[in-house]
Structures are given as C-alpha cells and as structure tokens.
Amino acid sequence: MDFDVLYLGSGQATWNGAVPLAKTGVKIAVVEESQYGGVCSNKGCNAKIILDKPIELVEKIKALQGRGIDGVPSLNWKDLMAHKHELIVPQDEHGQSRLTNAGITTISGHAEFVDAHTVKVNGKNYTADKIVIATGMRPHRLDIPGKELFHDSTDFLSLPDMPKHMTILGGGFVAIEFATIANAVGAQVDVITRSNRLLRQFPAQYVAEVQAELKDRGVRFIPDMEIKSAEKQADDSLKLVGPHEFTLETDYVLDATGRIPNHDQLNLEAAGVKANARGIIVNDNLQTNVANIYAAGDALDKTTPKLTPTAAFESRYLAAKFMGKNKGPIKYPVISEIVFTSPRIAQVGVKLDEALADNERYEVEQVSYDGDWFRQVENENGAKLALIFDKQAGKRLVGAAELSHEADNTINAILPYIQMKMTREQLNDLVYLFPSIEYTLQRRLPLV
Ligand SMILES: Cc1cc2nc3c(=O)[nH]c(=O)nc-3n(C[C@H](O)[C@H](O)[C@H](O)COP(=O)(O)OP(=O)(O)OC[C@H]3O[C@@H](n4cnc5c(N)ncnc54)[C@H](O)[C@@H]3O)c2cc1C
Ligand SMILES: NC(=O)c1ccc[n+]([C@@H]2O[C@H](COP(=O)([O-])OP(=O)(O)OC[C@H]3O[C@@H](n4cnc5c(N)ncnc54)[C@H](O)[C@@H]3O)[C@@H](O)[C@H]2O)c1
C-alpha cells in the first residue's frame with residue numbers, strides 16, 4: 001500500500017485529525033481538487049465573517065448615536081473586498097503547508113475510486129489501507145430555465161462591485177446572512193422563499209424579530225413563491241418569472257437554495273460505498289458499509305448540523321480511532337449554532353421551540369437584557385436570552401438561545417455549563433473577569 005490513510009478532500013473534516021495522526025508516524029496523503037483547507041477557510045465561514053464584522057461594528061456605532069458617538073461611518077464594499085482577499089487568498093497555501101509541515105503528502109487533483117483500496121488522481125493510482133471520504137458539499141442550483149444567469153455563495157464572496165438590486169432565492173443560513181451584508185452595503189435586497197418561514201433551525205420568535213429588523217432596514221421578503229424561470233433583458237437586467245403572473249426585475253440573483261454532497265463525482269460504485277442524496281451512509285463509528293472506508297464532515301448523511309466544529313470533531317474522532325485510542329462509537333457533545341445576522345441568533349443544547357412545545361418536561365426562563373446595565377453599555381434594545389431547564393433531570397440547564405449582538409459570546413459561555421453538567425459549587429469556583437458577559441451569567445444561572 002502507498003499510504004496508511006488517504007483522505008479525500010482537505011477541509012476541516014480532514015486536517016483536524018490528519019495533522020495529529022501524521023505526528024504519530026502514520027503515513028498519510030490528502031487529495032484536494034480545489035483550494036487546500038476546504039470551503040470554510042477559502043469560500044465559507046472565514047470570508048463571510050470578514051465581510052460581516054464591519055457591518056456589526058457600524059450597527060453598534062448607530063446604537064450609540066447621541067451617547068458619546070456622533071456620526072455613522074460608511075461602508076465601502078471595494079475596500080472591504082480587498083481586505084477579505086488579503087486575508088483569504090493565502091489560506092490555500094497555508095492549508096497545504098499545514099499538511100506538508102506535518103509530513104503529509106498532498107496530491108492536487110480530482111479523486112475517484114478505482115476499488116476499495118485504490119483512488120485515481122490525474123490518471124495515477126494511489127493505494128491505501130484506510131480511506132476517509134471528506135469531500136464536503138457544493139451549492140445546490142435550481143434546475144430552471146435561465147439558471148446559468150444565477151450566482152452562488154462563492155461568487156458573492158468575491159463580488160467586485162455590489163449590484164444595485166440583489167435578489168436572493170432561499171431562506172436559510174446563506175440567504176439571510178448574505179441579505180444582511182448586501183443590505184448593509186447599500187443594495188436593494190429582495191429575499192424570495194418558497195415557504196413563509198426563514199431559518200427553520202432557530203427559535204421562531206427570534207427569527208421573526210431578525211426578519212422585522214431586516215424589513216426595517218429595507219429588505220423585501222417575498223414568501224410562498226417558487227421562481228419558474230429567468231431571462232436576460234436588453235438592458236442586461238434579469239427578469240424572474242413565477243406563478244400567477246409574478247415577475248421581478250433585478251441586477252443579480254443569488255441562488256441560496258442549499259448545498260448538496262460532492263460524492264456523486266467520486267465513482268463510489270467502484271468501491272461499493274453506499275450513499276444517498278444527503279451524503280455518505282455511515283455507522284456510529286463513521287465507517288461506511290465497506291470496512292476500510294470512513295467518512296467525516298459535510299460529506300456525511302447525518303442529523304448533526306453540517307458545520308465546521310462538527311466536521312472538526314468527527315475528524316479528531318477518526319484520528320483517535322486510527323491511533324487505537326478510541327474504540328467506541330462517536331458521542332457528539334452538545335452542539336452550538338449561530339446565524340450571523342445583525343443581531344445574531346445563537347443556541348446550544350435543547351432547542352427553544354421544542355422546549356416551549358413540551359412544558360411537561362421543560363421550564364423556560366425568558367431573560368430580557370433591557371434592564372441589565374452591563375448589556376446596556378452599548379445601548380442594545382430588545383436583546384434577550386432563553387434558558388431551558390429539564391424538569392425530569394432535577395431542573396438541570398439543558399439548553400439556551402440568545403438574540404443579541406453578543407449572542408456568540410453568551411452561548412459560548414453557557415456551553416461548558418451544559419456540556420459538563422456543572423453544579424453551583426463548581427461554577428462558584430470560576431473567578432471571571434469583571435465586568436464581562438461570563439461574570440453576569442455566572443450570577444444569573446440558577447444551577448442545581
Ligand atoms: C458561505 C458559507 C458560510 C459558512 N459559514 C459557516 C460558519 O459561519 N460557521 C460554521 O460552522 N460553518 C459554516 N459553513 C459550513 C462549513 O464551511 C462546512 O461545514 C465545513 O467547511 C465542512 O468541512 P468539510 O471538511 O466537511 O468539507 P469542505 O470544507 O467542503 O471540504 C471538502 C473538500 O473536498 C474537496 N473535494 C471534493 N470532491 C473532491 C474530489 N473528488 N477530489 C478531491 N477533492 C475533492 C473540495 O474541493 C473541498 O476542498 C459555511 C458554509 C458556507 C458555504
Ligand atoms: N453561520 C453558519 O454556521 C453557516 C452559515 C452559512 C452556511 N452554513 C452551513 O452551510 C449549509 C448550507 O447553507 P444554505 O443556506 O446554503 O442552506 P440551508 O439548508 O440553510 O437553506 C436552504 C434554503 O433554500 C430553500 N430551498 C431549498 N430548495 C429550494 C427550492 N427548490 N426552491 C426554493 N427554495 C429552496 C430552503 O427552504 C432553505 O430556506 C448549511 O448546512 C449550514 O450548516 C452555516
């Protein structure tokens with residue numbers, strides 16, 4: 001065999017485990033057909049947050065007008081994009097050197113199975129004892145006439161000029177985060193959804209507040225609408241056509257209707273690996289139906305969220321298994337999620353909507369920050385936190401959700417309490433900085 005372990009794809013689901021595994025002397029190769037480091041590093045989370053942060057900053061400055069700050073700075077898309085390029089362009093090279101510095105062989109090109117132990121790249125066969133499929137997902141594209149006129153999240157993250165009128169199809173993470181960004185830098189934004197519910201995985205009441213805020217800022221929502229076709233007009237604008245004589249003229253269409261796994265391009269049949277439209281099918285050891293082939297990250301058919309931290313967790317789990325350190329099934333910890341809207345919505349553990357629907361089991365404490373002096377330092381109105389307690393487990397804290405500009409920090413602070421099932425005594429032994437979100441939470445959390 002050429003290698004002990006061959007990883008297909010170089011994203012979070014690969015390098016988090018492959019790098020420490022290589023340091024134990026295991027002979028590893030990674031095949032990558034695009035940019036090293038995968039979607040998150042090159043055309044996902046990192047690029048998005050660079051464009052988002054200045055927008056959050058301006059929102060915070062707006063809230064302090066007349067409270068010590070006079071004047072709102074303007075956002076400049078071209079410079080913002082140049083700043084993004086400066087930070088993101090080196091990620092590809094950095095992603096490759098992170099692997100080679102650990103002694104991993106990198107193979108650039110498209111991988112396809114030849115059999116269960118052999119993968120072909122650029123016409124050359126490579127054999128390995130174990131193979132990990134970590135090939136992630138790509139944007140789903142609507143299959144309608146005129147679809148070639150649409151753009152995806154990767155295009156948006158490199159847009160040289162912000163169009164005057166942007167139309168976004170979909171109501172998920174990408175649609176709403178990018179609507180927030182495009183609106184903030186001055187585009188007229190329309191969001192077209194096939195239902196009337198955005199961001200299904202987040203609390204309905206918080207999503208409604210984010211949607212109302214976006215409407216106030218000028219975003220138009222067109223619910224219950226499925227676009228049937230698109231055509232280019234003489235003046236280069238685009239015309240979208242829907243049922244009941246619906247038409248809309250726009251300058252740019254972002255198709256944000258989800259992501260699909262890349263396994264259809266792996267010749268899985270040659271290895272006999274089973275998959276479905278959601279991803280590669282694995283058991284609770286992340287092992288496919290073919291004993292020496294495993295899968296991790298977005299490539300999986302899984303119910304856990306397809307996010308960077310879950311891909312990294314799975315990658316570390318497999319590496320520990322290959323080191324012989326971990327023989328049991330994967331045990332996911334509580335998982336936190338955030339949508340980078342403005343304000344943000346973040347959550348961890350048991351979901352708020354589920355808790356509200358089951359008051360036999362859960363007790364929900366709704367906390368408003370409007371009367372909290374520390375959270376009013378930035379004059380943020382309407383920020384709120386929900387704490388979810390399990391009545392059947394001694395009223396233990398099992399979930400939390402927050403709507404605020406600081407939701408990421410709050411939920412990160414609450415996560416260890418839930419994951420570690422911390423008691424009041426253990427919590428009292430933590431001496432936090434003052435003033436800080438963690439300090440305020442420490443006093444507020446009624447732990448058992
Ligand atoms: C716009 C956007 C924003 C996001 N923001 C966030 C966020 O804020 N927080 C968060 O947690 N998650 C976010 N995500 C999700 C996150 O990017 C993914 O969950 C994460 O990248 C998954 O890592 P992965 O290693 O499983 O897959 P990927 O990062 O997709 O890596 C797979 C790699 O495999 C390569 N590949 C595919 N097929 C082949 C082949 N046949 N041969 C060789 N190479 C192949 C691909 O080129 C790719 O580099 C975002 C995603 C997008 C699109
Ligand atoms: N903040 C974050 O953590 C973050 C940010 C961006 C993306 N992501 C990850 O990336 C993945 C993809 O995000 P996304 O926004 O592309 O997908 P998504 O699944 O969140 O949203 C897809 C949207 O498109 C709609 N849709 C699907 N098919 C459609 C059709 N045929 N016609 C009209 N609408 C249709 C869905 O109803 C949904 O509103 C998610 O799994 C998410 O985990 C995470």
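Which helices and strands each supply at least two residues of the shell around ligand 1? They are helix 1 (12-22), strand 2 (28-32), helix 2 (38-43), helix 3 (45-63) and helix 9 (308-322). Helices (H or I, at least four residues) and strands (E, at least two) are DSSP runs, numbered from the N terminus.

This is a predicted model, in which local features need pLDDT of at least 70, side-chain atom pairs count only at pLDDT 80 or more, and totals for chains, interfaces and linings use all residues. Residues are numbered from 1 along each chain as its sequence is written, while chains are lettered from A and ligands numbered from 1 in the order in which they are written.

Stay with ligand 1. There are 36 residues around it, and Gly 9, Gly 11, Gly 38, Gly 136 and Gly 297 come nearest. A residue is near a molecule if its C-beta atom, placed from the backbone, lies within 6 Å of it. The shell around ligand 1 holds 15 nonpolar, 16 polar and 5 charged residues. Here Ala, Val, Leu, Ile, Met, Phe, Trp, Tyr, Cys and Pro count as nonpolar, Asp, Glu, Lys and Arg as charged, and the others, Gly among them, as polar.

Now turn to ligand 2. It is surrounded by 21 residues, the closest being Gly 170, Gly 171, Gly 172, Phe 173 and Val 174. Two elements give two or more residues to this shell: helix 7 (173-184) and strand 19 (336-339). Helix 7 gives the most, with 4 residues. By class, the shell around ligand 2 has 11 nonpolar, 5 polar and 5 charged residues.

Next, the annotations. An unreviewed UniProt entry lists residues 4-312 as "domain: FAD/NAD(P)-binding". That span is 30% helix and 24% strand, and its end C-alpha atoms lie 20 Å apart. UniProt also places "domain: Pyridine nucleotide-disulphide oxidoreductase dimerisation" (unreviewed entry) at residues 336-438. Residues 336-438 are 24% helix and 32% strand, with the end C-alpha atoms 17 Å apart.

Finally, look at a helix pair. Helix 11 (residues 407-419) and helix 13 (residues 437-444) pack at an angle of about 50°, with their axes 10 Å apart. That makes helix 11 oblique to helix 13, since angles under 35 degrees count as roughly parallel, over 145 as roughly antiparallel, 65 to 115 as roughly perpendicular and the rest as oblique. Asn 409, Thr 410, Ala 413 and Ile 414 in helix 11 meet Ile 437, Glu 438 and Leu 441 in helix 13; contact requires C-beta atoms, placed from the backbone, within 7 Å. The contact residues divide into 4 nonpolar, 2 polar and 1 charged.

Key
Axes are lines fitted to C-alpha atoms, for helices over the stretch in contact, and angles run from 0 to 180 degrees between N-to-C directions. Two residues are in contact if their C-beta atoms, placed from the backbone, lie within 7 Å. UniProt positions are given in the numbering used here, feature names are shortened, and annotations may be inferred rather than shown by experiment.
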